[in-house]
Amino acid sequence: MIATVAEKINLLEMNGISKAFPGVQALDDVTLHIRAGTVHALMGENGAGKSTLMKCLFGIYAPDAGEIRMNGEKLHLPDSKAALQSGISMIHQELHPVPYRSVMENIWLGRFPLRGFWPFYFVDGKRMRRDTEKLFKELDMDIDPETITGKLSVSKIQSLEIAKAVSHNAKIIVMDEPTSSLTGNEVEHLFRIIAELKQRGVAIIYISHKMEEILRISDEVTIMRDGKKIGTWDAKELTTDLIISRMVGRDLTQRYPERSNVPGEVVLQVDGFTSSFPKSFRNVSFELRRGEILGVGGLVGAQRTELIEALYGIRSLASGTMKLHGKPIRIRRPVDAIRHKMALLTEERRVTGIFPVLSMLENTVIANQKRYQTSYLLLEESRRRKDTDDSIERLRVKTPSAKTQIRYLSGGNQQKVLLARWLLTEPDILLLDEPTRGIDVGAKFEIYTIIAELAAQGKSIVMISSEMPELLGMSDRIMVMSEGRLTGILDGNTATEEEIMKHAAQHTA
Amino acid sequence: MNVSIQRTKAFVTDYAIYIVLAVLIIGITLSDPSFLSLSTLTNILHQNSTKAIIALGAAFVLITGGVDLSAGRVVGLSAVVSASMVQLADYPRKFFPELDTLPVIIPVLLAIAAGLLVGLINGLIVSKLHVPPFITTLGTMVAVLGINSLYFDMPPNSSQPIGGLRPEFTKWGSGTIEIGSFNLPYLVIIAIVVAIVCWVIFNKTRLGKNMYAIGGNVQAAHVSGINVSRNLLWIYSIAGALYGLAGVLEAAKSGGASNNYGNMYELDAIAACVVGGVSTTGGVGTVPGVMVGVMIFGVINYGLTFIGVNPYWQLIIKGLIIVAAVAFDIRKYLAKK
């Protein structure tokens, strides 16, 4: 590895940053010091506050308290533009280039070099090309500036984003899970670019879950947990085990309801589930029992959502079989799954869950319309109304009325409506994908209580969760996935966070 | 005080289109009090009945988040198809000289079926080939004009306007029922019946609920077990059938047909829908809203001509109302976010 030109003084100081959202203290007095020409890894479980901290740095969130200083000077960052101008760039996990335009147009977007005189300004294509070539040469990148961006591989687009950051004269580049969609060779290329950036004195804040990667390229590691900074260490002093124990070492502070469910006979048997996409899940087999809560743990990229959506017929399978009550079944579309008494609460509530402009009532009964149909093909309004009112009462949904558009309800109440939607279909198997994501603490407990009640009634529940305490507090068994593979099924009563984390990190080299 | 201002604001926002309609009527009446009469009402209703039926068809598609540009040309197709088969036996330039006198219902059903077929094709292209509705219906709009013109150009007709329609047919377009001293046009009754049927479909059937759901969030609709493509097939087909019916009635009303019938009607229909509160992004819209939207344009057309406003000025006023109505309506969604 190339030696760093690290200086003693801090390039960036984030001092005492705090940020609260309704119901959550996302950041609590966090201090982060970054030196020029170093790679500084930022680690922590999902929800530890890494992204919130970076969003404060990038001007997306305004911190409630604390200050940000660059080279000793206090920065005021009202928006991302201000952050860019101060020399802070961010390479997002998901890249958003303009796909149909050329590479160089993407790099200089919003600041095209112009020539001509008022009012006849034209984009100076030649200069843009020259500047782009120069930039790519410095970074040892081999891309034709006039290539249509959409034709490039993910890795090339990513290096493009990095080049763009450099062209902004970035002194600090934040990389959020930059290797999550790269192959081995592409990762090497990225690391070469990072080494080049370090030599130029650029500091890199590197967010990743991949231990080996972190230990290999970072100079310093800061670990966060529950919105607090645990500490900063020299990467040389750390090992994978040390990182894991510092990431998870926490008491179970959140409370979970008493569960009285008793897992019974096997209801669903899944054998050799393999996605038709090579980088997704493969060869996953498990069984689900009556009245059981089966937690599914793993890190970002473990392909848990993909697996569960394949069960429900949204994603396609290359191979694999499933048996329901011992009988083989095939599910190709959500309609099939619903017929087999399955229900899916999706992870992205706004994208695949709610109908924002429809009323709470319509949102509640939508999956159950068949049952309200009379022989004249008309819907029986009184029963739709009654089921909605019952749901409001049963799940304690707080809504001004059943006619209120669902977009005006809080996240927790929207989630309850979605749960109600599926409960009306009287499912035997509930697939819950991050059921408490983005919900405040009080509503979380209510959702946990509902889940526990359902299991006690004999319903089988698969619950994906990225929150360790939630998995440990709610599951009878915990199935852990890593990079598309099943790496272990643990007993929910005896498992520890360290165990889950070890299994989750097994294939994330 | 503050609360009452807020309430007034909410009232104005919620009932904006009704207020616009009322203001128009009051304004025109102030300018010429004789505007306010039963015959004005009958005339406006009669003039706008077919437009209402087309607008309802367009509303089905708009609420799913699509748009149907083929409406006008389908009206033209079904007008020509129906007219070509209901000419008087002794009419000199008959479209089908050898054709016996058919029961009126047969050409009517054939013409509606032609509309339905175009709608079905639209639905298939949108739901199975995933071509955006705008492009799909742009394509069928152009192609349907071609098909209609080929048919219209067949010898011996050779693109002559079709005339000499039988009174059993034309009475549906121009006949009235006497209620006391009041003559209620059949057309108005048909439009009201269609509106009621549409209201029932929108509000009381699974198809209607699914239509709102698809327009509201197509991915969530899929996850909720709604068969999106089958529902879209139904919706585009119903829309096509409604344009077909409107075409038949246009032919009956005018006592003839040519391949240019219905030209640009889709734009009037879409304008009436959006002014009536149908969201072009889908998921929102009501039958009464669409009806008021149609009536606003009906009152503008009739009323402004009645008080002698220059027709070119009428176009400018219509254009302003379309944009203003949507700019106002969209505030409902922006402000509360």
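The questions and answers below go through the two chains of this predicted model.

Residues are numbered from 1 along each chain as its sequence is written, and chains are lettered from A and ligands numbered from 1 in the order in which they are written. Local features need pLDDT of at least 70 and side-chain atom pairs count only at pLDDT 80 or more, while totals for chains, interfaces and linings use all residues.

Student: How many helices and strands does chain A have?
Tutor: Helices (H or I, at least four residues) and strands (E, at least two) are DSSP runs, numbered from the N terminus. Counted in this way, the secondary structure of chain A comes to 17 helices and 22 strands.

Student: What is the radius of gyration of chain A, and what does the globule rule give?
Tutor: The radius is taken over C-alpha atoms, and the rule is 2.2 Å times the number of residues to the power 0.38. Chain A has 509 residues, and it is as compact as a globular protein of that length because the two values are close: 25 Å for the chain and 23 Å from the rule.

Student: Is Met463(A) buried or exposed?
Tutor: Met463(A) is part of strand β20 (residues 460–464) of chain A. A residue is buried if 20 or more other C-beta atoms lie within 10 Å of its own, exposed if 12 or fewer, and partly exposed in between, with C-beta atoms placed from the backbone. Met463(A) has 26 C-beta neighbours inside 10 Å, so it counts as buried.

Student: Which residues does Met463(A) touch, not counting those up to four places away in sequence?
Tutor: Two residues are in contact if their C-beta atoms, placed from the backbone, lie within 7 Å. With residues up to four places away in sequence left out, Met463(A) touches Ile293(A), Gly295(A), Val296(A), Leu432(A), Pro435(A), Ile451(A), Met474(A) and Ser475(A).

Student: What is the strand order in the open sheet of 4 strands in chain A?
Tutor: Two strands pair if DSSP finds at least two bridges between them. The pairing in this sheet is antiparallel, and β14 (284–289) and β17 (327–329) of chain A are the edge strands, each pairing on one side only. The order is β14-β13-β16-β17.

Student: How many bridges join β13 to β16 in chain A?
Tutor: Strands β13 (residues 266–275) and β16 (residues 317–324) of chain A run antiparallel. Leu268(A) stands opposite Leu324(A) in β16(A). The number of bridges joining the two strands is 6.

Student: At what angle does helix α9 of chain A run to β13(A)?
Tutor: Axes are lines fitted to C-alpha atoms, for helices over the stretch in contact, and angles run from 0 to 180 degrees between N-to-C directions. Helix α9 (residues 304–311) of chain A lies across β13, β14 and β16 of chain A. Its angle to β13(A) is about 120°.

Student: Which element supplies the largest share of the side of chain B that touches chain A?
Tutor: The contact takes 17 residues from chain B and 22 residues from chain A. In chain B, α9 (206–216) and α10 (218–223) each supply at least two residues of that side. The largest share, 5 residues, comes from α9(B).

Student: How many residues of the side of chain B that touches chain A are nonpolar, polar and charged?
Tutor: Ala, Val, Leu, Ile, Met, Phe, Trp, Tyr, Cys and Pro count as nonpolar, Asp, Glu, Lys and Arg as charged, and the others, Gly among them, as polar. That side of chain B divides into 5 nonpolar, 9 polar and 3 charged.
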